[in-house]
Amino acid sequence: MNAIIQQLFKFKGGVKPQTNKTISAHEPIAQAPLPARLIVPLHQSIGGTPNPLVVAGDHVLKGQLIGGPDGWLSSAVHAPTSGTVLAVEDHISAHPSGLMTLSVIIQPDGRDEWLPRTPLNYRELAPERVREILRDAGVVGLGGAVFPSHAKLSASKTVPMEELVINGAECEPFITCDDLLMRERAEDVVRGVGIFRDLLAPKRVLIGIEDNKPEAVAAMQQAVKSLGEPFEVIAVPTRYPAGGAKQLIRVLTGKEVPAAKRSTELGVQCFNVATAYTAYRAIAHGEPVISRIVTLTGNVEHPCNWEVLIGTPLGEFIQLGQPKSDTNGYLMGGPMMGFEMPSLDAPLVKATNCIIAGSPTLFPPKAPEMPCIRCGACADACPHELQPFEMYWFARAKNFGKTQEYKIFDCIECGCCSFVCPSHIPLVQYFRFAKSEIWAREADKKASEAAKARFEFRNLRDEREKAEKAERLAKASAAKAAEKKAAAATAEASIEPATGSDGADTSGAIAAPVDADAAKKAAIAAAIERARVQRAAAEPKNTDGLTIAQRKEIAEIEARRAPLQEQTDPNAERAKPGTALKEVKG
Amino acid sequence: MTHYLFIIIGAVLVNNVVLVKILGLCPFMGVSKKLETAFGMGAATTFVLTVATGASYVIDHYLLVPFGLEYLRTLSFIVTIAAIVQLTEMVIQKTSPMLHQVLGIYLPLITTNCAVLGVPLLNISNKYNFIESLLFGAGSAVGFSLVLVLFAGIRERIEGADVPVYFKGTAIAMVTAGLMSLAFMGFSGLDKYQ
Amino acid sequence: MITAIIIMALGAIVLGAALGYASIKFKVEGNPLVEKIEAILPQTQCGQCGFPGCKPYAEAIAEGEVDINLCPPGGAEGVQRLADLLGREAKPLNAEEKPKQVALINEETCIGCTLCIQACPVDAIIGAAKQMHTIVAPLCTGCELCIKPCPVECISMEPVAENLDNWKWKYPVIEIKRAA
């Protein structure tokens, strides 16, 4: 019971929206039935897009790797059930844009047949190997950021690891998936935390849970006790966004993570409880991340938490909860940070912690945006101590440099500012807009710098090639001249052996440039001639077997080109003698 | 001592070159779109104006007055200022490329800044001595920089405001300048307290 | 009168001499402005401004020889940024603004003549003589310089489609609803 004595800290700002958690928390986690079709997007986590390892027609087993991680910062994707791959194609994604992303579409065969699983004892494995296993099992941060977990499991080399923070706060309204997970599978979660602890070797392990989830706190404390782990399970005051990584670290450890630093530099690392659970399943049971617990709540008859396969289409999933007739949309995530799902065809992914059915009564249409009155309510609510009203002003004016001066990139888009704004300004939308504009600009800048470098290198290479060619020609003609002179000298030598060598040298020096020039011209003329012959020979090749219409088209094009070519050809060839030669060589 | 203080306060606030004397309006309108550039322009003008007042005092006192050539003041001052600006620019460009990057394009603009010519002429009509002239010059320059920076700050914010289309740009800037000028009238009499 | 002329002439000579000396003594090579202008230009090296590449155009702008609105890939925004940098008046672009695009070689018709490879300013085309060529799309700047040299007209420009990597959040717009 040391949890109660533990001194807690506070973070500034935050709000207390209505939690609405009870509606979905009274029933145990249910197993969702197999859907008719699974759409598994390959890119589900931060980092490189996994490479597809299957093609249409392949038969896959449950847990089979279908997307191999692309580099270290990337995570694998697996088949959620056994069945046949229908296609590997672009499919609408669970993303606010509703754009397509490369997905593997699987038709389940109903047998739900597992690939042979190999339980491992991670204590016998090298830490490096454990991280690899986690990457290949597709373990990513299930709190919503989907950052590959293995990449967070290397302790900083310079700073000793002080605290490992396990995030069970679940501060967003409506969502109860972590709550139920901790209530029902606390021991597995604690075992997963044990894996993280052994990899990072922190001095303390703190499990933070908001105090509106007493059952989860009790279950976790019980599990910690029965497994004999020295973890501290701490109930933190319920205040949104207590579940933000930086906020929870602040509350539990009193450490404030500076903008430009990672928490590891302060000796702190943070994981979600569901991540710990999947890590344990991956190692101790050999089960990759192919399902997750999703809260289905809001305007539905039967709100509940479901263990659902990754890739289940939204349309099939919502039927489990029987949405009421006035449902007008589905939010993925919570009401504070979530976004509207673009389509019922979009699949559930690793980042999907909650689906909320919306209705006009549940989420009334937003009141019209009024002018900012600079009341400062947003600055009071901001958990990152930013000045949203200033960032808004400049984001609205598209003065992005100024928004960066006001540290827009420290914004975690938690939505507190929009929540408290008396003028109903969608502040977070402005910040997202400004951020993505700044990113696009930076990408453009990088691209143009790369283009410039390539252009300059190309120019350099052209110069060098030209110089080399000139040198080679000069050398060749000099050699030829020397040969000639030598022949002349021998001829002369027969007449006047005494002064022959001297005279040959001086005359050779004068004659060489003239000869070199002539030789170069001759070589170029020959090359052009050869190129022309070759081009003429090459041309008819792809005109075989053409239709009459195509032939006609070609004739027309030829006719159009002929006068143009006459104009440009001589100039081009005079300016760049190298080009003709290059063609011949190639 | 208070006399000198009053000269400075008078130059910075009460008789501000831009808002009260209405001098140097072209850079005030032209270079006040961004805060950084306003800082650069302010710094450059402060330097040139201080040097120019000193140089004009010397020219007037030791060259024009002894030979009775007071009527050539304007002409000789302009030539001197232009030369000083050119010289300053070249020296800065060579010695401190960083500073030149900051002030770079504003330096030549100062040549045409009427405040730089106006302040030396006011010095003479006020019959200031050398020290007083320098203080008045520096004070005016600081006053110029102050309102330029203030004005740039306001204009940066106005960029994001819902200004009616017909008022956008220079029009709203003029209105703002007028309001600032009114505000600066509040300082009047501050330098008369004895 | 004579004194006046003498004094003014003297002043002019002194100042002129000082400036002349300074201009020799404090001579600085190169123009830092060119670099700043070049940083704004999009580096497509397309030559649509009439100069062979971005740098020559930047030099011409720095010299004050040409307008700042000749760069279609930079768009209206580029013109605005140049105007801000140089303190000049922003002008509308003297050509239509196109969306970002990349070149695409129709691999059926390509005869492998290598002409486009030589035209590409950023080496974004690979291929060999009598072999099919292809464009390395991430490197293509969309300059259109490869279109003209192609003898079989197999190169076309395709606008860059929106995908999850380049998708941007939109500016919040309040829908105006018609009053019933």
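pLDDT is the predictor's confidence in each residue, from 0 to 100. I start there since this is a predicted model.

Chain A, then. Its mean pLDDT is 85. Of its residues, 86% reach 70 or more. Over residues 497-512 of chain A, pLDDT stays under 50. The model has 15 contacts beyond four places in sequence for that stretch. Residues 568-586 of chain A also stay under 50. Here the model has 21 contacts beyond four places in sequence. A word of caution on such regions. Where pLDDT is low, the predicted coordinates should not be read in detail.

Chain B next. The average pLDDT is 87 in chain B, and 95% of the residues score at least 70. Which elements of chain B have the lowest and the highest mean pLDDT? Helix α5 of chain B, residues 97-103, has the lowest, at 68. Helix α8 of chain B, residues 130-159, has the highest, at 93.

Back to chain A, for the fold. We have 17 helices and 17 strands. The chain runs to 586 residues, and 42% of them are buried. Now take the contacts in chain A between residues at least 6 apart in sequence. Of these, 73% join residues at least 24 apart.

Domains. Chain A is divided into three pieces: domain 1 at 1-22 + 123-286, domain 2 at 377-440, and domain 3 at 453-585. Between domain 1 and domain 2 of chain A, the C-alpha centres lie 28 Å apart. Domain 1 of chain A gives 11 residues to their contact, and domain 2 of chain A gives 12. On the domain 1 side, that is 6 nonpolar, 4 polar and 1 charged.

One residue in detail: Phe9(A). Where is Phe9(A) found? In the loop between α1 (2-5) and α2 (22-25) of chain A. Phe9(A) and Leu252(A) are 243 residues apart in sequence, yet 6.4 Å apart in space, C-alpha to C-alpha.

Last, the interface between chains C and A. On the chain C side, 29 residues are in contact with 28 residues of chain A. What is the make-up of the chain C side? It divides into 14 nonpolar, 9 polar and 6 charged residues.

How values were computed. Residues numbered from 1 in each chain as written. Chains lettered and ligands numbered in written order. Predicted model: local features only at pLDDT ≥ 70, side-chain atom pairs only at ≥ 80, totals over all residues. Contact = placed C-beta atoms within 7 Å. Nonpolar A, V, L, I, M, F, W, Y, C, P; charged D, E, K, R; others polar. Helix = DSSP H or I, 4+ residues; strand = E, 2+ residues; numbered from the N terminus. Buried ≥ 20, exposed ≤ 12 C-beta atoms within 10 Å, placed from the backbone. Domains from an automatic or database assignment.
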